[in-house]
Amino acid sequence: ANASGSAFFVGLWPYWMHKSQAVSNTFDLNGMFLLTAPNMSGKSTLMRSTAAAALLTVCGLCAPLEAGSCVPRFDTLFLRGASADVPAENKSAFGAEMEDIAALMRCCGPRSLVFVDEIGRGTSPRDGTRLAAAILEAMAVRGMSGIFATHLHDILNLPLLSKPRIITKQMAITRSTNSATESYQWTYRLE
């Protein structure tokens, strides 16, 4: 790995599955992946697997990776998943999201590996898209590396994509057509 925190994951598979039953992915992670795809396509699985592999590797333990992988020592690993209302703390799902993002912005920088899943679900799609874009752009400007997953596909139409550290990715699907129907199937592969 180089000084900028670039990581190369070879044959990454979900750690909770036997390797023979899993779909593996190989990718170079240097910058922020803007990962889009519908539900059930493997976005969250890819993020959890990547975070686990990075953490296990840094600890010197076996990770769900094949030979040839190169994972640097990150100073911070931050994983932010879906949230819900927290009535006991007087927080809406949106409030909980924003508190998590504030913590991310306080403690993460250019040597951090970050994973953010579905920011902006607690507000309107239009506002959520713009908020998610602003957060992603701020993460990229601060030099963070990681995966930012979203269903808010309008984010792809915003000008932030001109930033060189934001790399658009998606989970692949296969399309089958016969004479009567058309069907789609998840591949769980990053493309």
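User: Quick one to start: is Tyr15 buried, partly exposed or exposed?

Analyst: In this predicted model, Tyr15 is partly exposed, since its relative accessible area comes to 46%.

User: And which class does Trp16 fall into?

Analyst: Trp16 is likewise assigned as partly exposed, with a relative accessible area of 41%.

User: How many aromatic pairs are there, and how are the rings of Tyr15 and Trp16 arranged?

Analyst: The count comes to 3 aromatic pairs. For Tyr15 and Trp16, the ring centres are 4.7 Å apart and the planes stand at 90°, so this pair is classed as edge-to-face, the cut-off for that class being over 60 degrees.

User: What about Phe27 and Phe33, what kind of pair do they make?

Analyst: Phe27 and Phe33 make a tilted pair, with 5.9 Å from centre to centre and 55° between the planes. Phe27 is buried at a relative accessible area of 5%, and Phe33 is buried as well, at 2%.

User: Which residues form the aromatic cluster?

Analyst: One aromatic cluster is formed by Phe9, Phe27 and Phe33.

User: What lies over the face of Phe33?

Analyst: That is Lys169, which is placed over the face of the Phe33 ring at 5.1 Å from the ring centre.

User: Changing topic: in what order do the strands of the open sheet run?

Analyst: The open sheet is formed by 6 strands in the order β4-β5-β6-β3-β7-β8, and their pairing is mixed. Its edge strands are β4 (76-80) and β8 (182-190), each of which pairs on one side only. On average, and with direction ignored, neighbouring strands of this sheet are turned by 20° against each other.

User: How many bridges join β7 to β8?

Analyst: There are 6 bridges joining strand β7, residues 166-177, to β8, and the two run antiparallel. Within this part of the sheet, Thr174 stands opposite Gln185 in β8.

User: Which strands does helix α2 touch?

Analyst: Helix α2, residues 93-107, packs on the sheet and touches β4 and β5 (112-117), while the direction of the helix makes about 165° with that of β4.

User: Last one, where is Ser145 found, and is Ser145 buried or exposed?

Analyst: Ser145 is found in strand β6, which covers residues 145-150. Ser145 counts as buried because its relative accessibility is 1%, and buried means under 20%.

User: What lies 3.2 Å from a polar atom of the Ser145 side chain?

Analyst: The backbone nitrogen of Gly31 lies at that distance, 3.2 Å, from a polar atom of the side chain of Ser145.

Notes. Residues numbered from 1 in each chain as written. Predicted model: local features only at pLDDT ≥ 70, side-chain atom pairs only at ≥ 80, totals over all residues. Heavy atoms only, no water. Helix = DSSP H or I, 4+ residues; strand = E, 2+ residues; numbered from the N terminus. Buried < 20%, exposed > 50% of the residue type's maximum accessible area, 1.4 Å probe, protein only. Polar contact = N/O pair within 3.5 Å; in protein donor to acceptor, adjacent residues only side chain to side chain. Phe/Tyr/Trp six-rings, centres within 6.5 Å; stacked < 30°, edge-to-face > 60°. Lys NZ or Arg CZ within 6 Å of the ring centre and 35° of its normal. Pairing = 2+ DSSP bridges. Axes fitted to C-alpha atoms, helices over the stretch in contact; angles between N-to-C directions. Contact = heavy atoms within 4.5 Å.
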